[in-house]
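Please keep the sequence and the model in view while reading.

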Amino acid sequence: MKTEKADVPTPTTFEPRITAFVCNWCTYAGADLAGTSRLQYAPNLRIIKLPCTGRIDPLFVLKAFENGADAVLVSGCHPGDCHYTSGNYHARRRWTLFRKLLALTGIGDDRLFFSWVSAAEGQKFADLVNDVTAKVRKAGPFQAAHPGRKA
Amino acid sequence: MMKALRQEAAKLLQEKRAALIIGFAEREGHPALFISKPEDCERLFYDVSCRQNLAAYLSKPEVSARRPVAIVASLAALRSLVVLTAESQAAPGQVLALAVDKDAFLGTFDVAGAAELLRSKYPDLGPEKALLERVGELSKKSVVERAAFWAEEFAKCTRCYACRAACPGCYCARCIVEKNAPQWVSTAALGHGNYSWNIMRAFHQSGRCTLCGACEAACPQGLPLMVLNAALDREALEEFGARPGYDPEGKPVIGSWSAEDDHSYMR
């Protein structure tokens, strides 16, 4: 089989590692739809599926950065669509404050992304991943000197 | 002022409205004083250098076994009392406050009375101006500079958890840092563990912190913890209108929600 050399990243090109925390009912199904629809998107995402965005403890995000993520994406059901009625509303309040705290301590909005993607939005998911990957690629590797990074 | 405070405390014990008074001692550092005899009330002391928030003792089993309890409470400690009541951590009718403000004794209040006093006389308690200026200055820096600032500060942390012990809001019987299966927060007093700990400590107080400053005063390493607390306080006020410590029946900011909450940052 012929391999396309241009697709193989050389060690000098930076390929961001992005951790995504997604909910089981909307965004994960959206990602699945993107896959079954054969939509191609950036391979930089590592998806971690959870029952609900309400289950995503802010510590998960810190852990991801600690262990080498260049960016984190959190995604769940649109407001009003939560499988558990209000999990995403609870999560939204938490993230509104948490992102400000992280921004103040050196993790800006070019590292931490939030979105609503429903089970029907395969195209939105693919576009989102491409867009986030492009942004993080531009931002470069997460600073090794950040206090939240494992030495 | 001190005379009025001592007399009132002695009266509460004599009339058995309180079985235990928690106040400040006069000696250096103004440690907490636990009094159960009216004649000992002469030892009570208060001035602005008494930085401890005595509401932190209310959740201790040794104290809750000796209710009704009265605490010497600054305005911030009064707010803490209201927050603890709203979170079902202080039984109404079991706690009284000997309210003090700078060099004035304001009287004895139960929780409802304390909330009423705060609402009527002190409706906008918030971070001091100098503190907000520090937050503003830090926010103007680049993310890399902010990271460098906190890397230097958090590096000093020895993880003694004095900040946690001093805080009335930190009453969990088992804190996340003591959970080790899985180990959420590294226990080594180094970079990422210190970052996680300090971020989570501040975040768990968001929308609940009464800005008493006891955590920062207790920190043996002088970490600017109030910068984080003040920033979150302003954020919670702006986004959700949060004024913790004014309503004993109020809902916590994190733990409640509204369909109208802003989500302009969501993609």
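Buried area is the accessible area, taken with a 1.4 Å probe, that two parts lose on being put together, summed over both. The size of an interface is often given in this way, as the accessible area lost when the parts come together. This is a predicted model, in which local features need pLDDT of at least 70 and side-chain atom pairs count only at pLDDT 80 or more, while totals for chains, interfaces and linings use all residues. Residues are numbered from 1 along each chain as its sequence is written, chains are lettered from A and ligands numbered from 1 in the order in which they are written, and side-chain values use heavy atoms, with hydrogens and water left out.

Chain A and chain B bury about 4000 Å² between them, and 69% of this area is on carbon and sulfur atoms. On the side of chain A, the residues that lose the most area to chain B are A:Arg93, A:Leu97 and A:Leu104, which together account for 21% of what that side buries. In terms of contact (heavy atoms within 4.5 Å), 45 residues of chain A and 44 residues of chain B take part.

A salt bridge is a side-chain nitrogen of Lys or Arg within 4 Å of a carboxyl oxygen of Asp or Glu. A polar contact is a pair of N or O atoms within 3.5 Å; within protein, one must be able to donate a hydrogen and the other to accept it, and residues adjacent in sequence count only if both atoms are side-chain atoms. Between chain A and chain B there are 3 salt bridges, one of them between A:Asp131 and B:Arg267 with an N to O distance of 2.1 Å. Residue pairs in polar contact between the two chains number 21, with both residues at pLDDT 80 or more.

Secondary structure is given here as DSSP runs numbered from the N terminus, helices being H or I with at least four residues and strands E with at least two. On the side of chain A that touches chain B, helix H2 (58-66), helix H3 (87-104), strand S4 (112-116) and helix H4 (122-139) of chain A each supply at least two residues. H3(A) gives the most, with 15 residues. That side of chain A divides into 22 nonpolar, 10 polar and 13 charged residues, where Ala, Val, Leu, Ile, Met, Phe, Trp, Tyr, Cys and Pro count as nonpolar, Asp, Glu, Lys and Arg as charged, and the others, Gly among them, as polar.

Within chain B, the domain assignment (bounds from an automatic or database source) gives domain 1 (2-121) and domain 2 (129-240). The C-alpha centres of these two domains of chain B lie 26 Å apart, and their contact takes 13 residues from domain 1 and 12 residues from domain 2. The two domains of chain B bury about 1100 Å² between them, with 56% of it on carbon and sulfur atoms. B:Arg51, B:Arg79 and B:Glu87 lose the most area on the domain 1 side, together 38% of what that side buries. B:Glu87 also forms a salt bridge with B:Arg208, the closest N and O atoms being 2.8 Å apart; the count between the two domains of chain B is 1 salt bridge.

The structure holds 1 disulfide over all chains, a disulfide being a pair of cysteine sulfur atoms within 2.5 Å. It joins A:Cys26 to A:Cys77, with an S to S distance of 2.3 Å. The torsion about this S-S bond is about 100 degrees, so the disulfide is right-handed. Because A:Cys26 lies in the loop between strand S1 (18-23) and helix H1 (27-36) of chain A, and A:Cys77 in the loop between strand S3 (71-76) and H3 of chain A, the pair ties together parts that are 51 residues apart in sequence.

The peptide bond from B:Arg67 to B:Pro68 is cis, with omega near 0 degrees, and B:Pro68 is found in the loop between helix H2 (61-64) and strand S3 (69-73) of chain B. A cis peptide bond also joins B:Ala181 and B:Pro182, with omega of about 5 degrees.
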